[in-house]
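Here's a quick briefing to read with the model open beside you. Take the topics in any order you like.

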Amino acid sequence: MIDTAVLAAVVVVLGGVVAVAPRDGRIVILGLMLAAVAASLVASPLPSSLAVTARILGALLAAYLLWAAAGSGWFNSAGSAIGVVAEGAAAAAAFVVGLTIRPVDPLAGPVVAQAAGLALIALAVVPLAGRDVFRLGVGVTLLTLGCSLMVTAWSGPTPPLEQLAMAALLIGIAGSTSLLVPQSEIATETVEPVEPAEAEEAAAQIPAQRAPEKAAAAEPRPSDASAPARTIASAEIEEPYEWFVPTPTEPARRRPRASTVRRVATPKPAEARKAAPKKPTRSRSDLGGKP
Amino acid sequence: MTLIVFLLICIFGMLLGLLAQPFARLSRLVAVGSLAAALAAALLLNPNDTATLGEVQLATTWFVGFFLTALTASCLLLCIVGLVTGWPERLAPAALATFAGVGFAISATDPTVALIAAAAATAPAALVASRIRSTPLGTTVGVAELRTLALVIGASVLAAVTVLNTNWNVDDPTFMIAIAFVALAAAVAVRSGAVPFHVPAALLSRSGEGLGLVLSLVWIPTGFGLVALSWGATIYGVPGDWLDRAVVAVQLVAVATLILGAVGAMLHDEIEEIVAYSIIQDTGFILLALTARDADAAQPARLWLLAFILAKSALVAWAATTSWAFGSSNLGDLRGWLRRSPILGLALAGIVLATLGWPGSDVFEARGTLVRLGLPDSVHFLGTAAILLSLAYYLRLMAVGLLTPSAVVRGAAGDRPRWHPAGAEAAGQEVVAAEIAPVADAAATQVAPVADAAAAEIAPVADAAATQVAPVADAAAAQPASLPASRHADDEGPARSHRRHVSFGHQLRVAWRLNRPLQASLLVLGIAAVAAAVAFGGFGAAGASQSGITLDQAAGPIANPSAIDNGGEPTPEASAEATPAITFTPLPSPTPAATAAPSASSSATAAPSASSSASPPPSQTAGD
């Protein structure tokens with residue numbers, strides 16, 4: 001009979017690998033949820049049902065927050081740079097190391113908790129070093145889960161309030177990520193600029209009979225990084241600035257009212273510098289209107 | 001029970017505030033109402049309150065109540081300032097979430113719960129940071145926020161498991177304690193924006209966040225810092241080579257923060273940046289309290305945290321009000337601001353007083369004690385240097401305010417109260433303008449499309465009509481000049497004639513609207529006055545800072561676990577009992593204001609053991 005903690009530890013590591021390797025945001029969130037749910041079961045003895053319920057609800061809510069941030073599902077991670085096999089190998093190596101080392105002797109909790117925790121922390125390192133905010137959020141979540149497993153291994157069973165605090169922390173991380181992701185997606189997830197000559201060349205290679213497909217492929221899917229390069233090239237030709245246009249839901253903020261813009265007739269350079277609003281973001285209109 | 005009420009108010013206030021975000025008026029009402037309720041709950045917090053939640057005891061002390069009151073009061077006052085100067089979206093829900101986390105953290109007797117709650121309390125900073133829409137800045141700040149969160153979580157958990165375990169499989173147990181110390185100090189430093197890690201804080205100050213700055217730079221670091229400081233004299237007060245090296249590293253960061261933070265404040269011209277660097281500079285004292293590792297540093301550190309919360313909240317409110325009142329935050333544009341707004345000048349003086357104090361005052365002594373205990377004797381002069389540098393940038397702000405007013409300042413309303421002086425035509429015009437402005441704005445918005453369409457149709461007709469109407473219009477234009485004389489034969493001015501048709505209540509409303517700069521200035525002055533009072537030990541702050549948080553009393557000291565580097569002499573703690581090992585058993589009954597700092601003799605739960613390596617696994621708190 002396989003111990004529940006061992007099974008849960010394996011599921012945790014698999015979930016972690018799934019969370020960092022693929023590009024599809026939905027699969028990433030699924031893997032994260034799997035790891036978070038299973039992490040609450042890597043304990044011996046098992047926590048009370050109320051504590052486990054709190055952790056599972058926290059994991060589900062955290063996953064939902066990320067899913068909601070993803071909007072309709074067109075939302076992708078940068079994915080692993082080394083591939084799913086390499087990520088899996090790294091996690092497995094960390095798992096084995098975790099099974100063998102004994103920084104605390106004797107361990108107060110199950111050794112598989114230490115192994116799974118170490119594997120999750122190893123998986124979190126690369127996302128934490130990057131600048132993709134979504135992957136950063138995934139990395140922070142994995143790090144938190146790994147740390148919680150370490151606490152379980154080194155300090156033994158945790159009280160229910162700690163489980164509740166951990167659930168709140170997971171929700172907080174997911175909420176923070178979901179709040180920070182959309183703006184960074186607009187900022188960073190841009191296609192690398194294609195030289196006009198290369199773009200024309202690429203367009204010329206596309207057969208004329210594929211024009212309808214080409215038009216369909218150029219539909220706005222700004223976060224779909226997995227789109228083939230040919231589609232991106234055609235989109236660049238047809239809508240050269242499409243990627244840089246804010247989404248329609250983004251309100252145009254920080255734009256000073258026309259009445260607050262000073263118009264100076266034939267300003268001298270020095271006067272113009274002084275008269276021009278230095279930071280439109282701090283104009284009177286943005287600060288609540290003229291007193 | 002009173003603590004549970006406070007926590008519930010914060011949690012539900014946060015949820016309601018987030019749900020009401022799409023509705024501007026409702027969200028403000030919910031935010032102010034929730035904060036007022038939370039403030040009332042914090043004020044009514046029973047110092048001897050206990051509650052058991054999830055097998056962990058939560059207990060309050062006098063200082064816990066005072067700290068939560070200071071946090072909620074400063075947030076409420078800032079939100080009221082925001083009602084005048086520009087509502088800080090999401091600040092209130094984020095702050096309420098933070099206060100709930102801090103409330104859990106500083107009342108929990110279990111160190112893991114306390115540190116995880118403290119880490120969770122830092123997450124809401126993203127709510128404020130996410131408002132930045134300018135793309136490169138938003139991404140950088142977002143990445144910094146998440147990395148900071150990761151560091152805080154990792155450090156918190158590492159510190160928790162370190163202090164929970166005495167059976168580390170290493171030769172020198174202080175090595176693990178040193179790692180935990182460095183991790184915790186790094187988390188405090190990064191979260192508060194200490195100098196090598198100050199870039200995200202500086203970027204945040206450039207984002208136009210205004211009042212939102214205070215959450216990320218003041219309230220969250222102090223909450224986390226308070227939990228971190230609770231072990232300063234107990235867990236990290238043991239001798240050891242590794243720990244000494246770690247302390248030196250943190251001292252370097254603290255000194256760099258104290259000096260370079262002030263230099264940064266002097267070099268920048270935007271007052272938001274000056275404020276951010278001023279806050280960064282003063283967070284150096286939190287790091288100094290960490291490096292002190294002395295029970296004598298506990299009380300000054302707590303008093304400093306209280307003064308820091310209120311004084312820096314007042315400073316952020318001052319900056320936001322000044323920017324709003326004069327329409328610019330650049331010092332070049334703000335020449336002469338003090339002449340135009342003397343109340344804001346008084347408020348700034350109060351903030352300086354609350355931050356620096358004077359020799360003999362509580363806050364001055366607290367700063368001096370932290371410098372004395374946190375730094376080696378040879379660099380104590382840096383404390384004086386920090387004060388002088390702080391004075392320098394505050395005096396710079398004052399000096400700029402005393403210069404000849406710039407055009408921007410001359411064009412601003414200032415603090416001068418505006419009523420309806422008899423015969424003052426200008427006042428009447430202002431009244432009319434204030435009445436008309438909102439209506440005109442709304443009307444202009446509605447009418448603009450219609451007007452554009454109508455203009456195209458009317459133009460030909462208007463041209464023809466103008467030709468016919470011109471003689472009549474000329475005659476009519478001459479008429480108004482004679483009207484006042486005929487209507488005001490009793491020598492009443494035009495303003496009085498206007499008031500005759502306007503009710504007194506309406507005039508009061510208009511006057512209220514006209515004097516918003518004055519209201520905002522008075523509010524800032526009020527916050528500064530409260531901050532100065534607390535910094536001087538008022539409202540019972542000096543007494544409250546004598547009592548620690550629950551975790552102080554729950555954690556007993558490790559008395560020289562490595563038995564090295566002590567010259568063979570028993571430590572003072574060890575002399576009290578044989579070799580007390582750290583335990584975290586729940587308190588049988590909290591003793592709120594009795595102990596200034598935990599000591600071996602006051603640690604009722606210290607379990608003796610011959611050596612730390614041979615001791616059995618530590619007793620689990622409530623988890624067993």
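Of the 291 residues in chain A, 47% count as buried. Keep in mind that this is a predicted model. Chain A has 11 helices and zero strands, while chain B comes to 26 helices and four strands.

**The two chains overall**
- Walk along the sequence of chain A and the pattern reads α-α-α-α-α-α-α-α-α-α-α.
- In chain A, take the contacts with a separation of 6 or more: 74% of them are between residues 24 or more positions apart.
- Chain B has 624 residues, and buried ones make up 58% of them.
- For chain B, 84% of the contacts between residues at least 6 apart in sequence join residues at least 24 apart.

**A helix pair in chain A**
- Helix α4(A), residues 83-100, packs against helix α5(A), residues 111-129, at an angle of about 145 degrees.
- The axes of α4(A) and α5(A) sit 7 Å apart, and the crossing is right-handed.
- On the α4(A) side the contact includes E87(A), A90(A), A91(A), A94(A) and F95(A); among the residues they meet in α5(A) are V111(A), Q114(A), A115(A) and L118(A).
- Sorted by type, the residues of this α4(A)–α5(A) contact come to 13 nonpolar, three polar and one charged.

**Two enclosed helices**
- Helix α6(A) covers residues 133-155, and its 23 residues reach 32 Å from first C-alpha to last, close to the 33 Å expected at 1.5 Å a residue.
- 23 of the 23 residues of α6(A) are buried, so the rest of the structure largely encloses this helix.
- Just after α6(A) comes G156(A), with a positive phi of about 85 degrees.
- In chain B, helix α8(B) has 20 residues (173-192) that should span 28 Å at 1.5 Å a residue; the end C-alpha atoms are 29 Å apart, which agrees.
- 18 of the 20 residues of α8(B) are buried, so α8(B) is also largely enclosed by the rest of the structure.
- G193(B) follows α8(B), and its phi is positive too, near 80 degrees.

- Strands β1(B), residues 50-53, and β2(B), residues 56-59, run antiparallel and are joined by four bridges.

**Backbone spots to check**
- Most residues other than glycine have a negative phi, and most peptide bonds are trans.
- S44(A) and P45(A) are joined by a cis peptide bond, with omega about 0 degrees; P45(A) is in the loop between α2 (25-39) and α3 (49-69) of chain A.
- R90(B) isn't a glycine, yet its phi is positive at about 70 degrees. You'll find R90(B) in the loop between α3 (62-85) and α4 (91-107) of chain B.
- Is R90(B) buried or exposed? R90(B) counts as buried, because it has 23 C-beta neighbours inside 10 Å and the cut-off for buried is 20 or more.
- F539(B), another residue other than glycine, has a positive phi near 60 degrees. F539(B) lies in the loop between α23 (516-535) and α24 (541-544) of chain B, and with 15 C-beta neighbours inside 10 Å it counts as partly exposed.

**One leucine in chain B**
- L391(B) lies in helix α17(B), residues 381-402, and is partly exposed, with 14 other C-beta atoms within 10 Å.
- L391(B) and A262(B) are 129 residues apart along the chain, but 9.2 Å separates their C-alpha atoms.

Definitions and conventions:
Residues are numbered from 1 along each chain as its sequence is written. Chains are lettered from A and ligands numbered from 1 in the order in which they are written. This is a predicted model: local features need pLDDT of at least 70, side-chain atom pairs count only at pLDDT 80 or more; totals for chains, interfaces and linings use all residues. The expected span of a helix is 1.5 Å times one less than its number of residues. A residue is buried if 20 or more other C-beta atoms lie within 10 Å of its own, exposed if 12 or fewer, and partly exposed in between; C-beta atoms are placed from the backbone. Two strands pair if DSSP finds at least two bridges between them. Axes are lines fitted to C-alpha atoms, for helices over the stretch in contact, and angles run from 0 to 180 degrees between N-to-C directions. A crossing is left-handed if the near helix is turned anticlockwise from the far one by less than a right angle, and right-handed if clockwise. Two residues are in contact if their C-beta atoms, placed from the backbone, lie within 7 Å. Ala, Val, Leu, Ile, Met, Phe, Trp, Tyr, Cys and Pro count as nonpolar, Asp, Glu, Lys and Arg as charged, and the others, Gly among them, as polar.
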